[in-house]
Amino acid sequence: MVRAAIYGASGYTGLELLRLLARHPGVEVTALVTRQDDLPRLTDVHPSLAGRFDLPLENLSTQEVAERADVAFTALPHGASAATVSPLLEAGLKVIDLSADYRLKDPAVYAKWYALEHVDPARLDSAVYGLPELYRDRIREASLVANPGCYPTSAILALAPLLKANLIDPQGVVIDSKSGVSGAGRSPKPNFHFPECNESFSAYSVGVHRHMPEIDQVLSDASGKTLEVVFTPHLVPMDRGILSTCYATPASGATAERLQAALAEFYAHEPFVHVGDRLPGTKDVAMTNNCSIAVRMVRGRAIVVSVIDNLIKGASGAAVQNFNLMHGFAETTALI
Ligand SMILES: NC(=O)C1=CN([C@@H]2O[C@H](COP(=O)(O)OP(=O)(O)OC[C@H]3O[C@@H](n4cnc5c(N)ncnc54)[C@H](OP(=O)(O)O)[C@@H]3O)[C@@H](O)[C@H]2O)C=CC1
Ligand SMILES: CC(=O)N[C@@H](CCC(=O)OP(=O)(O)O)C(=O)O
């Protein structure tokens with residue numbers, strides 16, 4: 001049994017992690033860590049977990065966690081995560097970090113987009129970006145996995161195979177993404193208040209969203225050329241799900257069928273990524289670790305549509321997939 005601690009268990013991705021780990025035959029959740037001293041029991045915070053976990057939320061020191069756990073999932077806001085991850089690694093735990101703190105390789109890029117000096121820049125090089133479809137072998141060997149952002153997961157899965165196969169131009173890629181409100185986490189914020197976002201649909205953080213450099217970094221790695229995407233996120237009044245519509249210029253002579261075939265071939269042995277003719281919707285993948293992708297060609301532009309559940313393939317499902325790889329379990333354990 002691998003003993004697991006969860007930081008941020010009171011949040012949305014924490015809840016999804018617990019739901020998944022409850023079904024995992026090789027994991028025992030031994031610590032639920034909170035920074036608060038007077039939180040109620042877990043099932044008071046997440047009533048849907050009634051009967052599945054009977055653990056308290058505890059404000060534990062690193063030392064106390066290290067005595068109880070072999071691996072930690074850190075489902076904390078960026079900034080807070082790096083400060084937590086570093087001592088955990090020093091205490092000998094493996095860590096799967098759901099925040100953005102270890103995704104970007106360059107601390108100056110992190111400082112620019114997150115308006116924060118990184119507290120643990122020395123580890124950025126060795127942290128492995130946790131997208132198994134691209135970095136599976138490195139994840140197996142990693143002690144620190146940086147779980148991808150939700151929007152980047154949807155965009156990168158749609159575009160990386162086409163860039164690897166030189167079927168689209170790396171320059172001029174546009175990614176138009178829409179997310180359900182759970183993407184913003186559980187802490188109340190004015191724009192996500194029900195009367196503000198219900199029955200409304202809006203773009204936000206245009207040109208300044210933190211996921212733009214993350215997508216640039218991973219797609220540049222896939223393409224072998226430095227590229228810069230234009231990424232625009234939108235908030236949709238639904239609980240969960242992300243749909244990304246990605247526009248790119250196809251290579252000369254590349255048809256929609258050729259692009260679809262390249263994606264289908266790249267993901268032929270992937271348990272969670274499905275390529276088909278049908279344009280997918282977010283309900284097709286809701287509550288699953290799946291990503292569905294379809295391609296169209298319109299007036300000389302390739303359009304690749306991809307959908308995920310932001311809380312599962314975009315966060316906690318990917319974290320469990322990475323956990324499985326790091327600990328030698330079948331990759332689909334607890335996920336199918
Ligand atoms: N929601 C999503 O779809 C996705 C989220 N992520 C990332 O995963 C991480 C967790 O997200 P999510 O679960 O949505 O967030 P939530 O806001 O729902 O939960 C985060 C938890 O972290 C703890 N926390 C909050 N602020 C601080 C702080 N300043 N210092 C330490 N701990 C804090 C809180 O627990 P407590 O009060 O008990 O300490 C809180 O419940 C974030 O980095 C997020 O960006 C990534 C992909 C998708
Ligand atoms: C709808 C919504 O607000 N979504 C979040 C994305 C959540 C996520 O993946 O955040 P991290 O990269 O910080 O882990 C946002 O746009 O900030």
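What is the order of the 7 strands in the open sheet? The legends below start there.

**View 1. An open sheet of 7 strands has mixed pairing.** The order is β9-β10-β8-β11-β14-β13-β12. Strands here are DSSP runs of E with at least two residues, helices are DSSP runs of H or I with at least four residues, and both are numbered from the N terminus. Two strands pair if DSSP finds at least two bridges between them. Strands of a sheet pair through backbone hydrogen bonds, either parallel or antiparallel. The edge strands are β9 (202-203) and β12 (273-275), and each pairs on one side only. This is a predicted model, where local features need pLDDT of at least 70, side-chain atom pairs count only at pLDDT 80 or more, and totals for chains, interfaces and linings use all residues. Residues are numbered from 1 along each chain as its sequence is written, while chains are lettered from A and ligands numbered from 1 in the order in which they are written.

**View 2. Strands β8 and β10 run in the parallel sense.** β8 covers residues 174-179 and β10 covers residues 230-235. They pair over 6 bridges. Look for Asp-176: its bridge partner in β10 is Thr-232.

**View 3. Strand β14 has antiparallel partners in β11 and β13.** β11 (residues 242-248) pairs with β14 over 7 bridges. β13 (residues 291-298) pairs with β14 over 8 bridges. Find Ala-302 in β14. Ala-302 is the bridge partner of Ala-248, and also of Met-297. β13 and β14 form a hairpin, with 2 residues between them. In the turn, Arg-299 has a positive phi of about 50°. Is β14 enclosed or open? Of the 8 residues in β14 (residues 301-308), 7 are buried, so the strand is largely enclosed by the rest of the structure. A residue is buried if 20 or more other C-beta atoms lie within 10 Å of its own, exposed if 12 or fewer, and partly exposed in between, with C-beta atoms placed from the backbone.

**View 4. Helix α1 is largely enclosed by the rest of the structure.** Why? Because 10 of the 10 residues of α1 are buried. Among them are Tyr-12, Glu-16, Arg-19 and Leu-21. The cover over the buried residues of α1 includes strands β1 (2-7), β2 (27-33) and β4 (71-74). Helix α11 is part of that cover too.

**View 5. The protein is divided into two domains, domain 1 (2-148 + 314-327) and domain 2 (150-309).** These bounds come from an automatic or database domain assignment. The domain centres, taken over C-alpha atoms, are separated by 24 Å. 19 residues of domain 1 are in contact with 21 residues of domain 2. Contact means that the C-beta atoms of two residues, placed from the backbone, lie within 7 Å. On the side of domain 1 that touches domain 2, α5 (107-114), α6 and α11 each supply at least two residues. The largest share, 5 residues, comes from α11. By class, this side has 12 nonpolar, 4 polar and 3 charged residues. Ala, Val, Leu, Ile, Met, Phe, Trp, Tyr, Cys and Pro count as nonpolar, Asp, Glu, Lys and Arg as charged, and the others, Gly among them, as polar.

View 6. A residue is near a molecule if its C-beta atom, placed from the backbone, lies within 6 Å of it. Of the 28 residues around ligand 1, Gly-11, Thr-34, Ala-80, Gly-185 and Arg-186 come nearest. Helices α1 (12-21) and α11 (312-327) each supply at least two residues of the shell. The largest share, 3 residues, comes from α1. The shell has 10 nonpolar, 16 polar and 2 charged residues.

**View 7. Ligand 2 has a shell that draws at least three residues from each domain.** The surrounding residues include His-78, Ser-99, Cys-150, Arg-210 and His-211. By class, the shell divides into 5 nonpolar, 6 polar and 1 charged.

**View 8. Arg-138 sits in helix α6 (residues 132-141).** Arg-138 is partly exposed because 14 other C-beta atoms lie within 10 Å. Arg-138 and Leu-17 are 121 residues apart in sequence and 22 Å apart in space, C-alpha to C-alpha.
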